[in-house]
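Here are my notes on the structure, as numbered points. Definitions are given where a term comes up for the first time.

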Amino acid sequence: MSNELIDFVLVSIALLGIGIYGLSVKRNAIRMLFAVEIIINAANLNLVAFGRFIPNSGGQTLALFSIAIAAAEVAVGLSLIIVAYRMYQNIDIADFRSLKG
Amino acid sequence: MADAVFLALSVITIGSAIAALEMRSLIYGSIALMGTLGGIAGFFLLLDSPFVAMFQLVVYVGSIAVLILFTVMLVKRELIFKKVEDKRRKFAGIGLMLVFIIALGSVIMDSGIKSITTDEPAVDFRNIGADFLTYYWPALILMALILAGSVTGALVLARREDVNNEQRTD
């Protein structure tokens with residue numbers, strides 16, 4: 001195998017940085033969900049890469065669990081966005097402030 | 001050293017991740033997100049784990065990205081193209097990203113994992129199935145319950161109460 005572990009870890013760090021940038025800068029709720037997806041995928045890439053290089057089947061098993069849980073999270077997050085859009089007619093998170101005291 | 005396929009995949013993945021966050025239209029953004037997720041599936045293929053790669057393609061590119069696309073289409077048209085962000089916050093975000101990448105990257109480069117390579121054969125995907133059904137079976141059942149619960153919760157949340165949709169009897 002010609003690729004080393006460090007290559008995959010560096011790609012995963014780059015994706016994590018992009019996701020953190022998106023979460024901290026964007027105010028659009030759907031774009032923040034994109035950023036969360038990118039971060040989750042960086043974590044999955046790390047799991048599978050370390051599982052390949054140990055080698056152990058635990059990494060792939062945990063990655064499968066993580067993918068399934070992420071699917072559940074996206075379903076709930078998108079329905080929350082839909083509900084908020086129906087209430088405020090906007091998807092800008094700066095407008096979602098009914099809970100603000 | 002990394003080979004050409006790896007380099008091409010990383011360019012596709014990171015480039016479309018940036019495009020997903022920076023494209024003006026949310027629809028093109030979600031299509032670029034599909035590119036990122038597919039690139040990650042390619043990385044899984046490079047890591048000799050085809051089962052996880054297929055799972056990623058089916059779950060992420062097949063369902064999550066399409067779900068996001070349909071949600072984007074439910075939103076008003078001018079909101080899809082509207083982009084509100086101030087310059088100072090954007091520069092602060094880019095600075096945070098660079099600090100994060102450089103700090104974590106230098107820590108990783110100094111650590112011992114730089115020299116790790118492997119010649120051992122990849123894990124057979126039959127082992128994953130065996131793991132699921134022996135050691136991890138409580139987690140598998142719990143995950144099924146969580147998925148069912150979250151789908152039910154999403155349906156309940158997104159239900160409209162102001163629309164009266166009684167079933168017709170005639």
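1. Helix α1 of chain A covers residues 5-25, 21 residues in total. From its first C-alpha to its last it reaches 31 Å, close to the 30 Å expected at 1.5 Å a residue (the expected span being 1.5 Å times one less than the number of residues). Helices are DSSP runs of H or I with at least four residues, strands are runs of E with at least two, and both are numbered from the N terminus. Of the 21 residues of α1(A), 15 are buried, so the helix is largely enclosed by the rest of the structure. Buried means 20 or more other C-beta atoms within 10 Å of the residue's own, exposed 12 or fewer, partly exposed in between, with C-beta atoms placed from the backbone.

2. This is a predicted model, in which local features need pLDDT of at least 70 and side-chain atom pairs count only at pLDDT 80 or more, while totals for chains, interfaces and linings use all residues. Residues are numbered from 1 along each chain as its sequence is written, and chains are lettered from A and ligands numbered from 1 in the order in which they are written.

3. The contact between the chains takes 62 residues from chain A and 74 from chain B (contact: C-beta atoms, placed from the backbone, within 7 Å). On the chain B side, α1 (4-22), α2 (26-46), α3 (50-74), α5 (87-110), α6 (125-133) and α7 (137-157) each supply at least two residues. The largest share, 13 residues, comes from α3(B). By class, this side has 51 nonpolar, 15 polar and eight charged residues (nonpolar: Ala, Val, Leu, Ile, Met, Phe, Trp, Tyr, Cys and Pro; charged: Asp, Glu, Lys and Arg; polar: the others, Gly among them).

4. Within chain B, α1(B) and α2(B) pack at about 155°, with axes 8 Å apart (axes are lines fitted to C-alpha atoms over the stretch in contact; angles run from 0 to 180 degrees between N-to-C directions). The two are therefore roughly antiparallel (over 145 degrees; under 35 is roughly parallel, 65 to 115 roughly perpendicular, the rest oblique). Their contact has twelve nonpolar, seven polar and no charged residues.

5. The contact is made by A:Arg31, A:Phe34, A:Ala35 and A:Ile38 of α2(A) and B:Ala17, B:Ala20 and B:Leu21 of α1(B). These divide into six nonpolar, no polar and one charged.

Technical notes
Two residues are in contact if their C-beta atoms, placed from the backbone, lie within 7 Å.
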